[in-house]
Amino acid sequence: MITLLVLLILLVVSKIMWIFTPFKQFFNIVGLPIVLAGVFYYLINPLVDRLEQRFNMKRTWSISIIFVVVAILIVWGIVALIPVVRSQSIALINNWPDYWNHAVSEVNGFLRDPRLSEVQKQVQNINKDTVASITKSVSSFANNTVSSLGNVIGMLTKVIIGVITMPFILFYLLKDGHQLPNYLARFFPVNQRERFKSISGEINNQLSQYIRGQLIVAFFVGLMFFIGYTIIGLKFALTIGIAAGFLNLIPYLGSFLAMIPSIVIGAFMSPAMLLQVLLVFVIEQTIEGRFISPLVLGSNLSIHPVTILIVLLASGQMFGIIGVIFGIPAYAVLKVLISHLFNWLKRTSGEYQETVVMTPTPKKNK
């Protein structure tokens, strides 16, 4: 009966999706600055709290100091890093066909054994399909550039407005965000306010630990790859290291995706360089898995790796790259809500209480 009721509700919701169109349009406008402000809030808020508590500094002044430091770091990054990353990215894009073709030829040479002829045909077909797909995408993008110019301009405008308005939202979020649970609790009945504060606090802890932890781990992953590739002399070490840091925001899959260009470039340079690239990857994975991730992330999320992979696949299929990045924190929030809902159901229904059967103890004969 409950299953039929849930299916009926889903059917009704699917028929009235037009009701949510204004909310979707509203989120498209303000979603980007709010999401960016939320991410930076969880990253900066502990520093603000530390300055406020340890140095007895007003919250407004501590936020302003951190904003100035972050602005200086951003300007330094633009001046020092952007030109190098730009030049390396252009060189990598221009030389990538040579790197890829060399890697494919090496694989084909390894598979020339007659016993592996079928595997060689499959590799060749995959290579042809990959090249054809990339060529088709580039051609389609070039053909649709003029017709999509309005959409591109609109997207750029939205991004620029979001980046400009984000610091203002972040400032007031840092200044008054700790009072938000108390404000929202007033909309709940008096006897439910403490429970709402408890649930919202648990959700806040889950999100803050995950977002702050993932960003810190991603920074160290990018730094380790950059240092390792610089030591062994791999080309485009800075660009690949930054890409590895960003891709590491995708749990379990990011580091392996970042290894693809490193392996291709290392194989193009020399077999010894390829072995050194693999050695850097092994060292990075060991340090990250044994020290950085346990120290930064801890085990408060307690999500099984298989569950994480399933969530990534499902959210990526439904929402694209946004779903891949935000699928895990969304799952953590839903997990908290569903666990509290289930506990409430157990308390109120009485169907989950186990009856303990007391067996009488035999009397001893005197």
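Modeller: Buried means under 20% relative accessible area, exposed over 50%, and partly exposed in between, with a 1.4 Å probe and protein chains only. This is a predicted model, in which local features need pLDDT of at least 70, side-chain atom pairs count only at pLDDT 80 or more, and totals for chains, interfaces and linings use all residues. Residues are numbered from 1 along each chain as its sequence is written, and side-chain values use heavy atoms, with hydrogens and water left out.

Colleague: Why is Ile227 called partly exposed?

Modeller: Ile227 has a relative accessible area of 41%. That value lies between 20% and 50%, so Ile227 is partly exposed. The residue is found in helix α8, where a helix is a DSSP run of H or I with at least four residues, numbered from the N terminus.

Colleague: Which residues form the nonpolar patch on the surface with Ile227?

Modeller: The patch consists of Phe219, Phe220, Leu223, Phe226, Ile227 and Ile231, and together they have about 570 Å² of accessible area. Patch members need over 30% relative accessible area and no salt bridge, and nonpolar side chains (Val, Leu, Ile, Met, Phe, Trp, Tyr) are joined within 5 Å, while like charges are joined within 9 Å. Ile227, at 41%, is over the 30% limit, so its area meets that part of the rule.

Colleague: What makes Arg59 and Asp49 a salt bridge?

Modeller: The term requires a side-chain nitrogen of Lys or Arg within 4 Å of a carboxyl oxygen of Asp or Glu. In Arg59 and Asp49 the closest N and O atoms are 2.9 Å apart, so the pair qualifies. Arg59 lies in helix α3 and Asp49 in helix α2, 10 residues apart, and the pair links distant parts of the chain.

Colleague: Are Arg59 and Asp49 buried or partly exposed?

Modeller: Arg59 has 11% relative accessibility, under the 20% limit, so Arg59 counts as buried. Asp49, at 24%, falls between the limits and therefore counts as partly exposed.

Colleague: How many salt bridges does a search of the whole structure find, and what makes Lys197 and Glu194 one of them?

Modeller: The search finds 4. The side chains of Lys197 and Glu194 meet at 3.9 Å, N to O, which is within 4 Å, so they form a salt bridge. Both lie in helix α8, 3 residues apart, about one turn of the helix. Lys197 is partly exposed at 30%, whereas Glu194, at 56%, passes the 50% limit and so counts as exposed.

Colleague: Why is Asn45 called buried?

Modeller: Its relative accessibility is 13%, under 20%, so Asn45 counts as buried. Asn45 is found in helix α2. Leaving aside neighbours within four places in sequence, Asn45 is in contact (heavy atoms within 4.5 Å) with Phe40, Arg59 and Leu174.

Colleague: Which residues touch the most other members of the largest nonpolar core?

Modeller: They are Ile44, Val48, Leu170, Leu174, Ile203, Leu312 and Ile328, out of 25 residues in that core. Two or more residues come from each of α2 (21–54), α3 (59–80), α6 (149–176), α8 (193–232), α12 (305–319) and α13 (321–349). Of these, α2 gives the most, with 6 residues. A nonpolar core takes buried Ala, Val, Leu, Ile, Met, Phe, Trp, Tyr and Cys residues joined through side-chain atoms within 4.5 Å. Not counting residues up to four places away in sequence, Leu170 touches Ala37, Phe40, Tyr41, Ile44 and Phe67. Another core of 23 residues lies apart from it, with Val221, Ile232, Val277 and Ile292 among its members.

Colleague: What makes Phe67 and Phe171 an edge-to-face pair?

Modeller: A search of the whole structure finds 10 aromatic pairs. In this one the rings are 6.1 Å apart, centre to centre, with 80° between the planes. Rings of Phe, Tyr and Trp (its six-membered ring) pair if their centres lie within 6.5 Å; planes under 30 degrees apart count as stacked, over 60 as edge-to-face and the rest as tilted. Phe67 lies in helix α3 and Phe171 in helix α6, so the pair ties together parts that are 104 residues apart in sequence. Ring pairs link Phe67, Phe171 and Tyr172 into a cluster.

Colleague: Why is Phe67 called partly exposed?

Modeller: Phe67 has 23% relative accessibility, which is between 20% and 50%, so Phe67 counts as partly exposed.

Terms used. Accessible areas come from the Shrake-Rupley method with a 1.4 Å probe; for residues, only the protein chains shown count as cover.
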